[in-house]
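Subject: Structure handover and notes

Hello,

Here is the structure for your files. My notes on it follow below.

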Amino acid sequence: AAGQAPAAAATAPAAPQRRLSQVKPEVPTEQPKNAYEMETVWRSLRAHPELFASYLRSLKPGTLKKVFRTAMSPELTAGVVETAQSELLPSKPKAAAKVLTGLSNMESLSTHLMLIGESGVEALRAMLNGPAGGLLAPAVRSTLASAVA
């Protein structure tokens with residue numbers, strides 16, 4: 001009959017829909033060359049703090065030092081600090097200490113910490129007073145402690 005849809009089209013199963021929240025992004029293995037590249041990774045992983053923590057663990061100390069010396073946005077700085085405190089500190093204090101050591105190289109650290117907000121500063125204080133703080137070199141601990149004072 002004219003105007004009727006074929007019966008097969010009416011009974012065809014709908015294609016399965018994938019929810020974006022169920023699809024986890026991959027953690028990059030390449031070391032960032034600058035803060036922009038690290039921020040790009042952070043933005044892609046920030047909905048999955050455990051994956052960003054895995055990324056932070058994979059970074060070499062020299063890479064952290066180099067990246068943190070470049071201009072980082074307050075959002076990225078806060079994301080790094082809060083992820084290190086919530087995801088690394090409980091089970092991987094050495095990895096949290098590595099991140100803290102990298103942060104201690106940041107130019108204008110005190111100014112940066114003022115811009116990240118109280119939650120980021122509190123996360124940094126918690127790490128300094130926790131197991132990661134005990135793993136820091138005295139000069140690194142002193143630099144960070146004076147920045148959050």
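What share of the contacts in the chain with a separation of 6 or more is accounted for by residues 24 or more positions apart? The share is 74%, where contact means heavy atoms within 4.5 Å.

Some conventions come before the rest. This is a predicted model, in which local features need pLDDT of at least 70 and side-chain atom pairs count only at pLDDT 80 or more, while totals for chains, interfaces and linings use all residues. Residues are numbered from 1 along each chain as its sequence is written, and side-chain values use heavy atoms, with hydrogens and water left out.

Overall content

The chain has 10 helices and 0 strands; helices (H or I, at least four residues) and strands (E, at least two) are DSSP runs, numbered from the N terminus. Of the 149 residues in the chain, 39% are buried. Buried means under 20% relative accessible area, exposed means over 50%, and partly exposed is in between, with a 1.4 Å probe and protein chains only.

Core

The largest nonpolar core has 43 residues, and Met38, Phe52, Phe68 and Val80 touch the most other members. Such a core is a set of buried Ala, Val, Leu, Ile, Met, Phe, Trp, Tyr and Cys residues joined through side-chain atoms within 4.5 Å. At least two residues of this core come from each of α2 (35–45), α3 (49–58), α4 (61–69), α5, α6 (93–103), α7 (109–116), α8 and α10 (138–148). Leaving out residues up to four places away in sequence, Val80 touches Met38, Phe52, Leu56, Phe68, Met72 and Val99.

In α3, the buried residues are Leu51, Phe52, Ala53, Tyr55 and Leu56. Their cover includes α2, α5 and α6.

Helix pairs

Two packed helices are described by the angle between their axes and the distance between the axes. Axes are lines fitted to C-alpha atoms, for helices over the stretch in contact, and angles run from 0 to 180 degrees between N-to-C directions.

The axes of α5 (residues 74–88) and α8 (residues 118–129) come within 9 Å and cross at roughly 45°. That angle makes α5 oblique to α8; angles under 35 degrees count as roughly parallel, over 145 as roughly antiparallel, 65 to 115 as roughly perpendicular and the rest as oblique. The crossing of α5 past α8 is left-handed, a term for the near helix being turned anticlockwise from the far one by less than a right angle, with right-handed used if clockwise. On the α5 side the contact is made by Val81, Glu82, Ala84 and Gln85, and on the α8 side by Ser119, Gly120, Ala123, Leu124, Ala126 and Met127. By class these residues are 6 nonpolar, 3 polar and 1 charged. Ala, Val, Leu, Ile, Met, Phe, Trp, Tyr, Cys and Pro count as nonpolar, Asp, Glu, Lys and Arg as charged, and the others, Gly among them, as polar.

For α2 and α5, the axes come within 10 Å and cross at roughly 60°, and the crossing is left-handed. Ala35, Met38, Glu39 and Trp42 of α2 meet Glu75, Leu76, Gly79 and Val80 of α5. This contact has 5 nonpolar, 1 polar and 2 charged residues.

Single residues

- Met127 lies in helix α8 and counts as buried because its relative accessibility is 0%. Not counting residues up to four places away in sequence, Met127 touches Val81, Ala84, Gln85, Leu89, Ala96, Leu100, Ala132 and Gly133.
- Ser73 is in the loop between α4 and α5 and, at 16% relative accessibility, counts as buried. Beyond residues up to four places away in sequence, Ser73 touches Glu39 and His112.
- Ser108 is in the loop between α6 and α7. Its phi is near 55°, a positive value in a residue other than glycine. Ser108 counts as exposed, at 52% relative accessibility.
- Pro25 sits in the loop between α1 (7–11) and α2 and is partly exposed, at 26% relative accessibility. Neighbours within four places in sequence aside, Pro25 is in contact with Ser44, Leu45, His48 and Leu51.

Regards
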